[in-house]
Amino acid sequence: MPQHHGRTADATPFSVSRSSPVPEAIDELWERRADLSPTDDAARRTVTEAIDLLDSGAARVAAVDQASDEVVVDERARRAILLAFRVLSMRTSEAGPFRYQDRLPLKRRFDRVRVAPGAIARWGSHLAPGVVLMPSYVNVGAHVGAGTLVDTWATVGSCAQIGSNVHLSGGVGIGGVLEPPGAVPVVVEDETFVGSRSVIVEGARVRRGAKLGAGVLLTSSTPVFDADTGEELPRGQAPAWSVCVSSTRLRMFPGGEFGVPCLLVIKRLGEGEEHDKLLLESLFREHGTAL
Ligand SMILES: CC(C)(COP(=O)(O)OP(=O)(O)OC[C@H]1O[C@@H](n2cnc3c(N)ncnc32)[C@H](O)[C@@H]1OP(=O)(O)O)[C@@H](O)C(=O)NCCC(=O)NCCS
């Protein structure tokens, strides 16, 4: 049940969830967060249980509510992650000659996923069955849906919500949000394609089935235009079942006219339609994670 409605810099509507699978005890810990430390065993247990819910996928920081089409944020889940940095101790870990020092351990729950050497997923991120991680990075609180491919050097920021059967191409940067409070995570919905080196940040939303060309920059305030009609569409959102490329629009400033980035919708696809150029080898998808 939504508690609070808001907007990111421009058009992305969101609300904050009142019901959360994360235990209420997190609220009480949040109130006294300034006094917490790694010596608080009870607090550490509570926070560990909460992060484990995110890790298993039983809880998630945000999701699209099918009825309202809004992004609903579970603020309690997000707070649990922030609390982890107060109550978990620094630990040294080693992998071959590499040595790390951190409060959050690496993820250990890999249920029918493929994780290529060099890929890093942190505990508290969720990888659904069928996910393939090429050498990439998935941060805490991120949720990656079934059958999604996270290609080489792609980074999925904290709390980002990636749908199922998505292809995040090489070097894609999906922004994370742990702070400021109320910040809306990036949402990349099912069946989407994000072209090489694209950057999707600041609560931007890639709607279902959208295909983004290489090098797209999408923030919550990026203007979006339809190339066929010239119409300006909601900012910060790639429309469902569309093909979009990075573009510029001319804007007058006191110092002259300059081109500033925008997103251009160059094609519309039918619902469920794929783009021939972007199809992955089906063998790769269907058998990629079988044991
Ligand atoms: C967006 C994309 C899917 C469009 O492919 P398409 O539908 O076949 O479209 P076209 O190649 O016919 O291009 C249509 C127009 O958009 C322009 N365009 C295409 N891709 C563009 C891009 N990434 N940025 C800016 N403009 C682009 C083309 O110049 C073309 O303009 P023109 O008609 O004046 O020549 C494709 O160009 C692309 O970027 N693919 C992603 C590649 C990638 O990242 N692969 C990852 C491998 S890990």
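**Before going on.** I note that this is a predicted model, in which local features need pLDDT of at least 70 and side-chain atom pairs count only at pLDDT 80 or more, while totals for chains, interfaces and linings use all residues. Residues are numbered from 1 along each chain as its sequence is written.

**Ligand.** I found 17 residues around the ligand, the closest being Ser169, Gly195, Ser196, Gly213 and Val245; a residue counts as near if its C-beta atom, placed from the backbone, lies within 6 Å of the molecule. Strands β27 (242–253) and β28 (256–268) each supply at least two residues of this shell, and β27 gives the most, with three. I take strands (E, at least two residues) and helices (H or I, at least four) as DSSP runs, numbered from the N terminus.

**Open sheet.** I traced six strands in the order β9-β12-β15-β18-β21-β26, with parallel pairing; two strands pair if DSSP finds at least two bridges between them. The edge strands, β9 (126–127) and β26 (237–238), each pair on one side only. Inside this sheet I looked at β18 (residues 187–188) and β21 (residues 205–206), which pair over two bridges, with Val187 opposite Arg205 in β21.

**Hairpin.** I then turned to β5 (residues 91–95), which is joined to β6 (residues 98–102) by five bridges in the antiparallel sense, and I saw Ser93 opposite Tyr100 in β6. Two residues lie between these strands, and Gly96 in the turn has a positive phi of about 55°. Strand β5 lies largely in the open, because the number buried among its five residues is zero; buried means 20 or more other C-beta atoms within 10 Å of the residue's own, with C-beta atoms placed from the backbone.

**Ala210.** I located Ala210 in the loop between β21 and β22 (211–212), and I count it as buried because 26 other C-beta atoms lie within 10 Å. The C-alpha atom of Ala210 is separated by 9.8 Å from that of Gln237, 27 residues apart along the chain.

Notes: Buried ≥ 20, exposed ≤ 12 C-beta atoms within 10 Å, placed from the backbone.
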